[in-house]
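Please open the structure in your viewer and keep the selection panel at hand.

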Amino acid sequence: MLKVEKRNGAVVKFEGDKIVNAICKAMSETEKGVDELLAEEIADKAFNDFKNLEIVHIEKIQDFVEIELMKNRPDVAKKYILYRDERARLRKHGWEMTDLQRDIYEKKYRFENESFDDFLTRVSGGNSFIKKAIKDKKFMPAGRILAGRGLDKYGRKITLSNCYVMPQVEDNIEAIFDTAKYMARTYSYGGGVGLTLSKLRPKGAKVNNAANTTTGAVSFMDLYSLVTGLIGMKGRRGALMLNLDCSHPDIGDFIDVKNNLDKVNYANISVNINDDFMKAVVEDEDFELYFKVEATGEEIRKKINAKELFRKLAKNNWNMAEPGILYTNRINSWHLMSEDEKFEFAGVNPCAEEPLPPFGSCNLSSINLSEFVKNEFTEKAEFDYQRFGEMVREGVIYLNEVLDENMNLHPLEQQREMSRELRQIGLGLMGLADMFIKLGVKYGSEESIELIHKIGKVLINEALRESALLAKEHGTYSRYNAEKVLKSPFLLSNVNEDVLELIKKYGLRNSQLLTIAPTGSISTLIGCSNGLEPMFQISYTRKSESLHQEDTYYKVFTPIVKEYMDRNNITREDELPDFFVTTSTLNYKERIDIQSVWQQYIDASISSTVNVPNEFTVEEVEDLYIYAWKKGVKGITIYRDGCAREGILISNKPSLSKLEKIEELQREIDELIVEQLEEDPDTCPMCGGTLIHSGGCAECQDCGYSPCSI
């Protein structure tokens with residue numbers, strides 16, 4: 001069998017498909033377009049020319065292809081040569097980055113003066129497949145891995161897990177402040193935190209101390225918010241999610257807490273909604289709020305009209321973009337351990353893509369779907385399921401490597417123990433909107449839904465397959481219960497027969513595998529759309545500050561739009577085809593349809609914000625939440641353009657140059673000043689630009705800053 005020696009010295013088998021793909025990629029950028037038969041003919045010629053050799057170097061194969069293209073398609077040969085030159089430059093210097101991407105890379109993820117190749121080696125942990133996938137923009141680890149992997153040898157205490165969930169706060173003063181202590185330690189290592197307050201007795205309940213009655217669960221939100229604001233991290237504040245059950249007697253106060261701009265400034269909040277409540281809303285029935293105080297035996301009951309509480313929730317989200325909603329029945333029933341009565345979730349992480357048990361954590365990475373399109377922007381465009389499946393398997397292997405390396409880097413011993421017992425990982429996706437555009441498919445259409453089903457089936461089965469094979473080699477996670485896992489509705493609804501046989505034989509290495517995170521910073525770093533979100537906008541206006549006191553305003557197109565326009569010699573937006581969908585033109589039901597289809601194949605959850613126009617009504621918010629519940633999503637929130645949250649707190653700082661903004665921010669970080677972070681949540685604390693809300697988090701369109709830093 002013919003072997004190929006790569007530039008790094010590795011020897012692999014000859015794969016003609018790689019030659020075909022490279023040639024077709026070059027052809028797709030020419031006027032004559034793709035001739036797949038010619039590409040296959042050249043690949044076959046290359047094999048026949050070298051088949052008598054034991055090993056051939058990759059450069060010789062590429063030289064051969066270049067000569068053949070010069071004979072048959074000089075126009076393609078030129079593109080192919082440019083492609084080779086670009087790859088050579090990439091190997092030496094890294095991606096060609098915009099100022100924004102360079103800022104993210106330099107300020108967030110590059111360690112001291114490491115070269116781009118050193119950066120790739122560090123974050124890949126020496127995994128050659130992953131190193132190449134990152135270089136090719138097909139795969140990207142999350143922010144904690146990029147910023148922290150390999151730095152423990154320098155004495156840095158940085159966790160590689162983005163997110164943690166604390167145990168539900170027990171109803172006593174010691175537990176309340178122990179939780180604050182655990183949060184502070186977790187923030188200091190770089191992790192975000194999710195926390196549920198539903199076990200805390202409601203306002204007015206009796207206590208056996210000098211106070212006589214408690215101030216309630218909501219009163220402790222400021223304590224946890226303050227801890228989050230005080231413990232700083234490089235380039236971002238701490239990230240906190242606070243939740244409360246819809247049946248808790250304090251739920252009304254919880255929903256209203258964000259209306260007071262002086263309270264809970266360092267947390268996102270969400271309401272845990274169950275099916276009983278939603279049925280009461282739909283049927284316009286009463287709903288009972290109930291709490292039993294275990295310490296005193298006191299029972300607190302209150303009947304409310306479900307629709308009235310639901311209207312309060314919808315109105316607050318319409319006005320202030322919070323609270324979000326978590327559909328707890330779907331969360332608890334749709335995952336691999338749903339039938340194990342010994343397992344339960346304690347809450348969700350700050351962006352809500354990860355339901356986790358007490359002291360649970362998850363390390364994250366994302367696959368860029370848009371890089372698995374062959375013959376992009378042409379009539380022959382198609383998704384490469386084979387290469388995608390391989391990337392899924394390698395992604396699972398990589399995250400297990402990171403999980404093992406991170407085992408002793410968790411802030412708390414309880415977190416280390418939970419990681420050892422459950423081995424939860426979060427392999428995710430990004431670039432969905434860009435993928436649709438490259439394929440010429442309209443986001444939200446029937447064709448897009450069918451495509452997601454096909455990709456999702458490959459995603460879950462290849463992830464399960466690799467986890468089973470890792471279990472064969474290293475053993476299952478310690479709390480694996482074969483009888484319970486094999487009864488999981490999530491598993492049985494999605495698994496192929498051959499994969500199921502592997503699981504029956506070997507078990508699973510991981511109790512959780514898949515998620516879809518916001519990917520704000522990492523998608524910006526490689527220049528693709530974030531998470532599963534539609535494209536935010538076709539173009540936006542940028543200001544260029546002039547030395548002559550005259551500012552110049554110019555239009556900047558979103559990268560995928562510019563690439564399409566350049567390929568097709570288009571100069572105006574109105575010449576774009578109708579599959580260029582944005583958040584402002586997409587019907588919210590189509591947006592939820594996309595999320596619900598993905599949720600079928602995702603065992604964790606999906607970070608999600610539905611952006612809606614200013615004229616969107618409170619009644620439409622209610623309809624949106626009911627529709628999302630019926631479609632089986634696990635959580636959702638909305639962001640209404642021009643809502644009160646956007647307009648109440650406007651920064652009074654004078655306009656600064658980019659350099660001055662960066663210098664000012666660095667001084668604030670150095671001096672641990674947190675005041676700026678209390679300002680408008682829609683104004684970027686890094687540069688003063690506009691924060692775009694999507695995927696359950698936010699990201700700055702100017703500097704790429706994200707509170708989630710995923």
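**Cysteines**

A search of the whole structure finds zero disulfides, a disulfide being a pair of cysteine sulfur atoms within 2.5 Å. This is a predicted model, in which local features need pLDDT of at least 70 and side-chain atom pairs count only at pLDDT 80 or more, while totals for chains, interfaces and linings use all residues. Residues are numbered from 1 along each chain as its sequence is written, and side-chain values use heavy atoms, with hydrogens and water left out.

Select Cys24, which is buried at 4% relative accessibility (buried means under 20% relative accessible area, with a 1.4 Å probe and protein chains only). Cys528, with a relative accessible area of 10%, is also buried.

**Ile134**

Next, select Ile134 in helix 7, residues 128–135 (a helix is a DSSP run of H or I, at least four residues, numbered from the N terminus). Is Ile134 buried or exposed? Ile134 counts as buried because its relative accessibility is 0%. Leaving aside residues up to four places away in sequence, Ile134 touches Trp95, Leu120, Val123, Phe139, Met140 and Pro141; contact means heavy atoms within 4.5 Å.

**A lined cavity**

Finally, select Ala433, Phe436, Ile437, Tyr443, Met535, Phe579, Phe580 and Val581, which line the second largest cavity. On a 1 Å grid over the protein atoms alone, a cavity is a set of points where a 1.4 Å probe fits but cannot get out, and lining residues have an atom within 4 Å of a point. The lining comprises eight nonpolar residues, no polar and no charged (Ala, Val, Leu, Ile, Met, Phe, Trp, Tyr, Cys and Pro count as nonpolar, Asp, Glu, Lys and Arg as charged, and the others, Gly among them, as polar).

Note on methods:
Helices (H or I, at least four residues) and strands (E, at least two) are DSSP runs, numbered from the N terminus. Buried means under 20% relative accessible area, exposed over 50%, partly exposed in between (1.4 Å probe, protein chains only). On a 1 Å grid over the protein atoms alone, a cavity is a set of points where a 1.4 Å probe fits but cannot get out, and a pocket is an open set with protein on both sides within 12 Å along at least five of seven lines; lining residues have an atom within 4 Å of a point.
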